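User: I would like to learn how to read the main features of a protein model, taking them one at a time. Could you walk me through this one?

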Amino acid sequence: MRVDELMTAALITAPEDTPVLDARHLMLEKRIRHLLVTAVDGGLAGIVTDRDIRLNLPSQATSLSVWEVNHLLTKLTVGEVMTKTVITVGPERDARDAANLMLDHRIGALPVTDGGKLIGIITETDIMRAFVWLAGGPAASHPSPRRA
């Protein structure tokens, strides 16, 4: 099974200057845990996870006022909190290779690129869906119903 058979091609992305709070709302609304960050030229600049955002939000025990917190958060962008060194995978690679990359690097998603162009994302959920499909489980109709 190849990466392009499992990946999600309907990409949800955000530019580097997107405020972290906007990215958080987008991720909650779309029910995703990994947001691909694009550069001005449209290429992949990085990736932000729900964990990255959570770690950059102020603690509930902060001594700052609500207004100070909101002011600081409106200035914080995904470009400042994203992972810039992103491991990617090609669409023709074996899905097992992608799963091994995720395990080896302890990451939950790999952007899929073809000739340097961002074309999709494969996540641990996609890999699990394929596993269930191969085992003949409830997702047996197709390994990736999210594919566009």
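Analyst: Strands E1 and E2 (residues 34-38) pair in the parallel sense, over three bridges; strands are runs of at least two E residues in DSSP and helices runs of at least four H or I residues, both numbered from the N terminus, and two strands count as paired if DSSP finds at least two bridges between them. This is a predicted model, in which local features need pLDDT of at least 70, side-chain atom pairs count only at pLDDT 80 or more, and totals for chains, interfaces and linings use all residues. Residues are numbered from 1 along each chain as its sequence is written, and side-chain values use heavy atoms, with hydrogens and water left out.

User: Which residue of E2 is the bridge partner of proline 15?

Analyst: The bridge partner of proline 15 in E2 is threonine 38.

User: In what order do the strands of the sheet lie?

Analyst: The order is E1-E2-E3, in an open sheet of three strands with mixed pairing. Strand E1 (13-15) and strand E3 (44-49) are the edges, and because each has a single partner strand, one side of each is left without a neighbour in the sheet. On average, neighbouring strands here are turned by 35 degrees against each other, direction ignored, where axes are lines fitted to C-alpha atoms, for helices over the stretch in contact, and angles between N-to-C directions run from 0 to 180 degrees.

User: Which helix packs on this sheet?

Analyst: Helix H2 (residues 20-30) packs on the sheet and touches E1, E2 and E3, its direction making about 130 degrees with that of E2; contact means heavy atoms within 4.5 Å.

User: How should I read a nonpolar core, and which residues touch the most other members in the largest one?

Analyst: In soluble globular proteins, nonpolar side chains tend to be buried together. A nonpolar core is a set of buried Ala, Val, Leu, Ile, Met, Phe, Trp, Tyr and Cys residues joined through side-chain atoms within 4.5 Å, and buried means under 20% relative accessible area, exposed over 50%, and partly exposed in between, with a 1.4 Å probe and protein chains only. In this model the largest core has 14 residues, of which Val37, Val48 and Ile53 touch the most other members. Two or more residues come from each of H2, E2, E3 and helix H5 (78-81), and the largest share, three residues, comes from H2. Leaving aside neighbours within four places in sequence, isoleucine 53 is in contact with Val20, Ala23, Arg24, Met27 and Val48. Another core, of 12 residues, lies apart from this one, and its members include Met7, Val89, Ala98 and Ile122.

User: Which residues of helix H7 are buried, and how do I see whether a helix has a buried face?

Analyst: An α-helix has 3.6 residues a turn, so residues three or four places apart point the same way. In helix H7 (residues 124-134), Asp126, Arg129 and Ala130 are buried. Seen down the axis of H7, the buried residues fall within an arc of 100 degrees, so they line one face of the helix; the arc is that of the directions from the helix axis to the C-beta atoms. Their cover includes helix H1 (3-6) and strand E5 (117-123).

User: Where is glutamate 124 found, and which residues does it touch?

Analyst: Glutamate 124 is found in helix H7 and is partly exposed, with a relative accessible area of 33%. Not counting residues up to four places away in sequence, glutamate 124 touches Arg33, Met102 and Gly108.
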